[in-house]
Amino acid sequence: MIVRDVTRVTVLANVVVVVVGLVVLTLLPRWSSGGDGPRTAVVARPSVSASATASAGVPSGERAPVTATPESAKKVKANEAGLVPVIMYHRLLPKRIASIDRTPRQFRTELERLARKNYVPITAAEFVSGEIDIPAGSHPVVLTFDDGHPSHFALDAQGVPKRDTAVGIIYEVAAKYPKFRPVATFWINRTPFGLNDRAEQTRAVQWLVERGFEVANHTYDHPDLRSLPTKRVSEQIVRQERLLAKLGTGPSTTLALPYGSRPRKLSVAHDGKWDGTKYDFDGVFLAGAEPAVSPFAKKFERYAIPRIQSNGKHGECSRWCTAYWLDWLDEHPKKRYTSDGDPKRVSIPRKLRDTVASKRAGKIVVY
């Protein structure tokens, strides 16, 4: 929110929002997830209802369990074989330098649009594992940030995320829209968030992980992996895994490819070893393109997951960025992933029955 000195009422409203945001930061609960999907990093994360109750300043609690039925799924028009926007962000700058930069105001506006349209953030790891635990009738969105830029996360002297950083804005929007779960995925390199001191790096990473954010592998030096021999690709991945271990997180279950560039030997991006250390990712993410297929769908390619660049509709973005795709999903709601509210089941319209992967057969609800 941009504070403008116009009236005392406006100033008071801004103060209230800041106070509510601080309450959210203080009271967000921590809980660990489990599931039947592939290996998933276990991290503390707030539930949607917990965020809402915390922002109101009352004791938090999780949403009551929901058991999906054909009737309940039909009522909310659930489609858990639908498309999911995985949004790619880079730097947040007051004045954009590169085309992929966004201003804090643009980022805030996009998050508020998502919140109004009933999108609920999940992490990349949760998406890949199929642990999509959001309210019935809502839609998952994956907010991802590449490179660990200082504009993504920094704490002020009071230990609160700085205004106009990505994390600060995420919490600000969550305070305004309590159902908007404040989580995201940060894929970092050797100098996370511009910090050179190891203790400061550890403090930053732990702050995020303890509050449900995912911090994972974006390689050590951010090279174009296609230009490297296979052994060097593995070295770049392993060196970053070792750094993440020193920072108290990992092993990573997801990897974002620098520049979206795949190595010549495709498998080395998700499985490999170097200097005695192995890695094995559940999901590998590309650069901007289009919405991702549901992790429950037969067509889901876990080692080539597309993302959508956050941007307007100019030039190349006339078809490939968020302004276009979020409009498209609004105009084609039947194509979008809509939750049944039950993370243990996969609810779909009858005509989509054959699009779901066979391993989910025992958990499908059809209407």
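## A walk through the model, stop by stop

Start at the loop between α8 and β6 (254-256), where you'll find Pro251. (Helices, H or I of at least four residues, and strands, E of at least two, are DSSP runs numbered from the N terminus.) Select Gly250 along with Pro251: the peptide bond joining them is cis, with omega about 0 degrees.

Before moving on, some housekeeping. You're looking at a predicted model, in which local features need pLDDT of at least 70 and side-chain atom pairs count only at pLDDT 80 or more, while totals for chains, interfaces and linings use all residues. Residues are numbered from 1 along each chain as its sequence is written, and side-chain values use heavy atoms, with hydrogens and water left out.

Next, select Lys77, in the loop between α3 (70-76) and β1. Lys77 isn't a glycine, yet its phi is positive, about 55 degrees. Most residues other than glycine have a negative phi, and most peptide bonds are trans. Lys77 has a relative accessible area of 65%, so it is exposed. (Exposed means over 50% relative accessible area, buried under 20%, and partly exposed in between, using a 1.4 Å probe and protein chains only.)

Now jump to Thr219, in the loop between β5 (214-217) and α8. Thr219 also has a positive phi, about 75 degrees, without being a glycine. Is Thr219 buried or exposed? Its relative accessibility is 0%, so Thr219 counts as buried.

**Zoom out**

Of the 367 residues, 53% count as buried. Taking contacts (heavy atoms within 4.5 Å) with a separation of 6 or more, 67% are between residues 24 or more positions apart.

**Into the core**

Now select Leu111 and Leu143. These two have the most contacts inside the largest nonpolar core, which has 40 residues. (A nonpolar core is a set of buried Ala, Val, Leu, Ile, Met, Phe, Trp, Tyr and Cys residues joined through side-chain atoms within 4.5 Å.) Elements giving two or more residues to this core include β1 (86-89), α4 (104-116), β3 (139-147), α6 (166-176) and α10 (322-331). The largest share, 6 residues, comes from α6. Apart from this core lies another, of 25 residues, with Ala81, Phe285, Tyr337 and Ile348 among them.

Show the neighbours of Leu143: leaving out residues up to four places away in sequence, it touches Leu111, Ile87, Tyr89, Ile170 and Phe180, among others.

Then colour α6. How many of the residues of α6 are buried? The count is 10 of 11, so the helix is mostly covered. Buried residues in α6 include Ile169, Ile170, Tyr171 and Glu172.

**Follow the rings**

(Rings of Phe, Tyr and Trp, using the six-membered ring of Trp, pair if their centres lie within 6.5 Å; planes under 30 degrees apart are stacked, over 60 edge-to-face, and the rest tilted.)

- Phe107 and Phe145: the ring centres are 5.7 Å apart and the planes at 80 degrees, so this pair is edge-to-face. Phe107 sits in helix α4 and Phe145 in strand β3, 38 residues apart, so the pair links distant parts of the chain. Phe107 is buried at 1% relative accessible area, and Phe145 is buried too, at 0%.
- Phe153 and Trp207: the centres are 5.1 Å apart with planes at 40 degrees, so this pair is tilted. Phe153 is in the loop between β3 and α6, while Trp207 is in helix α7, 54 residues apart. Both residues are buried.

To see these rings together, select Tyr89, Phe107, Phe145, Phe153, Tyr171, Phe186, Phe193, Trp207 and Phe213, which form one aromatic cluster.

**Over to α7**

While you're at helix α7, pick Thr202, which is found there. Thr202 counts as partly exposed, with 25% relative accessibility. Which residues is Thr202 in contact with, neighbours within four places in sequence aside? They are Lys246 and Leu247.

**Last stop: a cavity**

Finally, select Leu257, Arg262, Pro263, Leu266, Ala269, His270, Val284 and Tyr303, the lining of the second largest cavity. The space in this cavity is about 30 Å³, and there are 2 cavities of 30 Å³ or more. (On a 1 Å grid over the protein atoms alone, a cavity is a set of points where a 1.4 Å probe fits but cannot get out, and lining residues have an atom within 4 Å of a point; points are joined across faces, edges and corners, and the volume is the space filled by probe spheres set on them.)

How values were computed. 1 Å grid on protein atoms, 1.4 Å probe; cavity = no way out; pocket = protein on both sides within 12 Å on 5 of 7 lines; lining within 4 Å.
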